[in-house]
Amino acid sequence: GGNIIPFGMEVLDYPAGGMTRKEITVLGGRPGHGKTTLMINVLKSLIEQGLKVMLFNREMSNTEMIKKMCVLEDSHLLYANVRRNDFSDGSDVLMEMQLKNIKKKYANLIMYDHIRCLSDTMSEIAKHKPDVIIDDYIQLIQADGANEGRRFEIEKIMQEYKWICKSENASAFLLSQLNREMDRRINPEPRMSDYSESGVIEQTAETAMFVFYGYNFDSASYDRYESKIISAKARYGNVGSYMVGFNGNKCKFYSNRELAFNDTKDKKDTKGSKK
C-alpha cells in the first residue's frame, strides 16, 4: 500500500488504485482532447496529498500553465478570459488572490519549461528527488545520442524514465501525443496502436490511458460537457472506459456530466441530451 500514489480522481484510481512508485503511467490523446487539463487536475490532487512533484512543460510555458492552475483553483475564473488577459469583469482581483494562493499551496512543485534534452531532465530529477514526475509531453524530448529514428528515441526516453523511477523511488506520469490514425477510423476512440511507437510504450508502462473528448472531434454527435477516460492497460488492475464531466473553460474534470454543466455560466443550449 505504501507504494501506491492515488491520482485523487475516482475514475483514474478505479482501475488499480493509482500510480505505483518505480513505475510509469502514460496518458495519450490527440491535440485539444484535454491531456494537459487532466494532468493539472491530477497535479492539484498530488500537491494536496503533500507530495513533491516535478513538472516538465514541453509544449506550454510555465506562465500559461499557471494561468490554467489559477482557473482550476478559482471557480469564478474562466480560462478563455484569463488566457486573453481580459479582466474587464473585475476578476483581476481573483487572479491576484490565486497567484498568491498558488505560490503558497504549490510550494512542493518544481516546474520547468526550458529543459529540452533527456540527460538534463534526468539530472534535475536525480537532484531534486520528487515523488512524482510529470512530463508534458514526451515526443518533444530530445533524446541524446539516439540517431536511429524516432522509435529508438522513444524507447530510450521510456527506458531512462523507468530507471530513474526505480532509483529515486518515484512515479512518472508521462503525456504522449497520438498518431492521426484515429481521425480516419469510423470509431475515433483511441486504442493502444494509436500511441506513436506503441510497442515501446505498451511494454514499459505500468498503466496506459487515453482521454477522448468527442465534442472536439464531432460537435454534432458528442456532448460538450462529457469526456471519456479509457484505461487500455493496467498491469495491476482492470481495463475499461469511463464517462466523466468536462468543462474546458474551467480547466476541470468532474465525476459526471451534470456537475460539469452546472459549473458554467452559459446554460442556454446544452441542458438536455447530446446536441
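Leaving aside neighbours within four places in sequence, Leu 46 makes contact with Ile 5, Pro 6, Met 19, Leu 51, Val 53, Val 132 and Ile 134. In this predicted model, Leu 46 belongs to the largest nonpolar core, which comprises 46 residues. Leu 46 is listed there among the residues with the most contacts inside the core, together with Leu 12, Leu 43, Leu 109, Ile 134 and Phe 173. Helix H2, spanning residues 35-48, supplies the largest share of this core, namely 7 residues. Apart from this core lies another, of 34 residues, which includes Val 26, Ile 110, Met 158 and Ile 164.

Strands E9 (residues 226-234) and E10 (residues 240-247) run antiparallel and are joined by 6 bridges. Within this pair, Ile 229 stands opposite Tyr 242 of E10. The two strands form a hairpin, with 5 residues between them.

Strand E10 also pairs with E11 (residues 252-254), again in an antiparallel arrangement, through 3 bridges. Here Gly 245 has Tyr 254 in E11 as its bridge partner. E10 and E11 likewise form a hairpin, in this case with 4 residues between the strands. The turn of the E10-E11 hairpin contains Cys 251, whose phi is positive, at about 55 degrees.

Key: Residues are numbered from 1 along each chain as its sequence is written. This is a predicted model: local features need pLDDT of at least 70, side-chain atom pairs count only at pLDDT 80 or more; totals for chains, interfaces and linings use all residues. Side-chain values use heavy atoms; hydrogens and water are left out. Two strands pair if DSSP finds at least two bridges between them. A nonpolar core is a set of buried Ala, Val, Leu, Ile, Met, Phe, Trp, Tyr and Cys residues joined through side-chain atoms within 4.5 Å. Buried means under 20% relative accessible area, exposed over 50%, partly exposed in between (1.4 Å probe, protein chains only). Contact means heavy atoms within 4.5 Å.
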